[in-house]
Amino acid sequence: MTTLPAKTDKKLGLVIDLDTCVGCHACVISCKGWNTEYYGAPLSDQNAYGADNSGTFLNRVHSYEVQPDVGAAQLIHFPKSCLHCEDAPCVTVCPTGASYKRVEDGIVLVNESDCIGCGLCAWACPYGARELDQAEGVMKKCTLCVDRIYNENLPEEDREPACVRTCPSNARHFGDLGDPDSAVSQLVAERGGMDLMPEQGTKPVNQYLPPRPKDTLPDAGPEFDVLAPFLEPIATEPKGFLSWLDKTLEKL
């Protein structure tokens, strides 16, 4: 079994804004592309163009319709990947030591050469964030693009996870959540960032920002016209040139 580090001062992770995520799946595609070409075994697909297709993804987006107590229903897009938990049960259950948590930055990784594909870590993860690659027979999970964030051959602006770099709505943020002065920590403090399923006791590093309250329309019945206030006349009597033109046309 693998032991967890007693403490990691640096806690690299993601902050995901559920208010601005539009469910476009750009993060899913960029993650699949980067992790198929670079880190570890490629992310395989089975019968990709058939009716019974499946594949390995490190990041998925789920969409839910939510009915608030007040106002109209909302469509919430919920991205999910490994949360790089401080108390990661997927690490301690691994019989070969393939799963481990790095001391230097808190990232949870899988040494694929030691993975036997037993699936115990997937069973232990309460978030369903691990997937067994059917072609390679090894466990795959989000690596926070560890091969990007430390790659000095890349421009500095590209040294962040592919999903963060790609997100068109700026819903994904990356940084050190162990530093209270970091941009991501301040964002969590300002918006009331939340742990996913805190009752599991895993202490996930990744945080979610809740959707903001939505504007509500006045309760004016089924015939309420949302455009009516914008279509009301600005003036009842013409003035200036229009007044002159109106009087001139009346004389014709």
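Trainee: Which residue just after α6 takes a positive phi?

Mentor: Keep in mind that this is a predicted model. Helix α6 covers residues 183–191. Step just past α6, and the residue with a positive phi of about 70 degrees is Gly 192.

Trainee: Within what arc do the buried residues of α6 fall, seen down its axis?

Mentor: Start with who is buried in α6: Val 184, Ser 185, Leu 187, Val 188 and Arg 191. They line one face of the helix, because seen down the axis of α6 they fall within an arc of 160 degrees.

Trainee: Which residue in β10 is the bridge partner of Leu 12?

Mentor: Strand β10 is among the elements covering the buried residues of α6, and so is β1. Those two strands run antiparallel, joined by five bridges. Four of the five residues of β10 are buried, so the strand is largely enclosed by the rest of the structure. As for Leu 12, its bridge partner in β10 is Asp 176.

Trainee: Is Trp 244 buried or exposed?

Mentor: Trp 244 sits in helix α8, residues 241–251. Along with residues including Phe 241 and Leu 245, Trp 244 makes a nonpolar surface patch of about 720 Å². Its relative accessibility is 53%, and the cut-off is over 50%, so Trp 244 counts as exposed.

Conventions:
Residues are numbered from 1 along each chain as its sequence is written. This is a predicted model: local features need pLDDT of at least 70, side-chain atom pairs count only at pLDDT 80 or more; totals for chains, interfaces and linings use all residues. Side-chain values use heavy atoms; hydrogens and water are left out. Patches are made of residues with over 30% relative accessible area and no salt bridge: like charges are joined within 9 Å, nonpolar side chains (Val, Leu, Ile, Met, Phe, Trp, Tyr) within 5 Å. Accessible areas come from the Shrake-Rupley method with a 1.4 Å probe; for residues, only the protein chains shown count as cover. A salt bridge is a side-chain nitrogen of Lys or Arg within 4 Å of a carboxyl oxygen of Asp or Glu. Buried means under 20% relative accessible area, exposed over 50%, partly exposed in between (1.4 Å probe, protein chains only). Two strands pair if DSSP finds at least two bridges between them. The arc is that of the directions from the helix axis to the C-beta atoms. Contact means heavy atoms within 4.5 Å.
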